[in-house]
Amino acid sequence: MIKVWTGAAEAGLLDRQGGRGSTFAYLPGTPSARAVSVTMPVRLPSWSVPFGLLPIFEMNLPEGVLRERLRTAFAKATGTFDDFDLLSVVGRSQVGRLRYTGDQEQLGEEVPFQSVDEILEHRRGSDLFRYLLEKFASYSGISGVQPKILVRDENAFAEMEHTGHGLSRSYKGATHIVKLWELNEYPQLAANEYFCLTAARKCGLGVPPFRLAEDGMALVIDRFDLRLDGTYRGFEDFCVLNARRTDEKYRGSYETSILKRFGQIANSTHIHEDLEKLFTLIALNCALRNGDAHLKNFGVVYDDVQGEARLAPVYDLVTTSLYLPKDSLALTLNGATTWPAAKELRRLGETRAGGTPAKIRQILERINQAVLETAREVKSYVKRHPEFAEIGPRLLKEWEAGCATSLRG
């Protein structure tokens with residue numbers, strides 16, 4: 001049995017049910033503000049699913065390499081290693097406001113220290129990859145097929161001494177997300193994402209601070225859910241918001257599962273601003289040829305589960321067509337997954353995001369300009385980094401094709 005915590009307070013108990021399912025029940029007297037999700041208000045009846053975990057509890061489970069490493073490490077002790085077991089391992093350190101412990105345990109985060117500057121500066125290649133995975137795998141409640149780990153950086157506390165701003169040294173949780181890649185799996189994927197995030201920032205979208213390692217082997221991103229007082233904002237991805245499991249992340253449309261669903265749950269005075277940003281992000285994914293913009297790669301953040309939900313900062317943005325030449329949209333748009341023409345995106349912005357024709361054209365022009373400006377930075381990076389000389393021009397070719405079709409066509 002697993003105890004579920006929201007905002008460092010007990011909320012309820014999660015347990016297996018039947019052969020393969022699970023059930024969650026709120027503790028008696030749990031206040032409504034301690035609900036685990038905007039989709040799961042506090043109530044007396046339990047919440048149950050016949051297979052796996054409810055989407056909110058599955059949301060941060062590692063996938064791919066990280067999941068396999070944890071399975072190998074813990075399966076011998078547990079005999080099996082399903083989603084419930086995985087959550088019990090990584091549950092103390094998660095993205096968002098939920099935490100998990102044994103039903104008789106108290107909550108406490110103790111993520112080890114790791115210098116972010118060391119990750120960015122050292123050229124340790126696969127040795128760094130293995131070292132970080134071994135040290136931080138069990139502290140990394142964060143989803144994704146590519147390996148991501150959560151680390152606690154010493155320098156996150158130093159600012160407080162000099163400026164009066166920063167985290168208290170009593171904070172024991174993770175401060176940064178580190179994204180790693182195997183050398184030969186997806187060449188230069190860290191630089192790929194770095195420049196895609198750069199383009200997003202130039203579009204005026206919210207992007208957490210991010211840095212690329214000198215050898216291009218890691219991308220370090222500040223957590224966007226962490227407040228300076230060491231507490232956490234709520235975060236939920238669109239798999240959770242659409243009541244879908246992770247293996248259903250490619251099921252849905254940008255019109256209904258993203259834009260319409262956001263309008264239904266936002267409960268915000270900033271909804272028109274956020275819908276414009278959400279449309280901008282969808283269009284940018286098309287321009288950059290990111291075929292992995294699925295339900296888990298969009299999210300909302302909130303300070304009060306019953307209050308306003310805002311569009312989450314941009315994350316997991318890459319040009320996938322660089323590695324998968326026949327890649328297409330992750331979700332449907334206008335009933336298809338083919339890369340959309342500009343007129344289709346204009347129609348989407350006008351009908352689903354509430355923009356005027358002039359405003360939508362302006363957004364597409366702004367995206368095009370942001371990509372062009374970022375392309376100049378890519379060319380400069382190629383000159384300084386010979387290892388990017390083969391990938392860089394191909395990346396720019398994909399961007400030009402994406403912009404020509406989806407922004408200017």
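In what follows, contact means heavy atoms within 4.5 Å. Please also keep in mind that this is a predicted model.

I begin with a pair of helices. Two packed helices are described by the angle between their axes and the distance between the axes. Here, helix H10, residues 271-287, packs against helix H12, residues 357-384, at an angle of about 50°, and their axes are 10 Å apart. That makes H10 oblique to H12. The crossing of these two helices, H10 and H12, is right-handed.

Which residues in H10 and H12 meet? From H10 come Glu276, Phe279, Thr280, Ala283, Leu284 and Ala287, and they meet Lys359, Ile360, Ile363, Leu364, Arg366, Ile367 and Val371 in H12. Sorted by class, the contact of H10 with H12 has nine nonpolar, one polar and three charged residues.

Of its 17 residues, 13 are buried, so H10 is largely enclosed by the rest of the structure.

H10 is followed by arginine 289, found in the loop between H10 and S11. Most residues other than glycine have a negative phi. Arginine 289, however, has a positive phi of about 60° although it is not a glycine. With a relative accessible area of 11%, arginine 289 is buried.

I turn now to helix H9, residues 254-265. H9 has 12 residues and reaches 15 Å from its first C-alpha to its last, close to the 16 Å expected at 1.5 Å a residue. Its buried residues are Tyr254, Glu255, Ser257, Ile258, Leu259, Arg261, Phe262 and Ile265. What covers the buried residues of H9? The covering elements include helix H8, H10, strand S11, strand S12 and helix H11. After H9 comes asparagine 267, whose phi is positive, near 50°.

Finally, consider lysine 249, in the loop between H8 and H9. Is lysine 249 buried or exposed? Buried means under 20% relative accessible area, and at 10% lysine 249 therefore counts as buried. Leaving aside neighbours within four places in sequence, lysine 249 is in contact with Glu63, Val145, Cys239, His294, Leu295, Lys296 and Leu331.

Technical notes. Residues numbered from 1 in each chain as written. Predicted model: local features only at pLDDT ≥ 70, side-chain atom pairs only at ≥ 80, totals over all residues. Heavy atoms only, no water. Axes fitted to C-alpha atoms, helices over the stretch in contact; angles between N-to-C directions. Helix = DSSP H or I, 4+ residues; strand = E, 2+ residues; numbered from the N terminus. Parallel < 35°, antiparallel > 145°, perpendicular 65-115°, else oblique. Left-handed = near helix turned anticlockwise from the far one by under 90°. Nonpolar A, V, L, I, M, F, W, Y, C, P; charged D, E, K, R; others polar. Buried < 20%, exposed > 50% of the residue type's maximum accessible area, 1.4 Å probe, protein only. Expected span 1.5 Å × (residues − 1).
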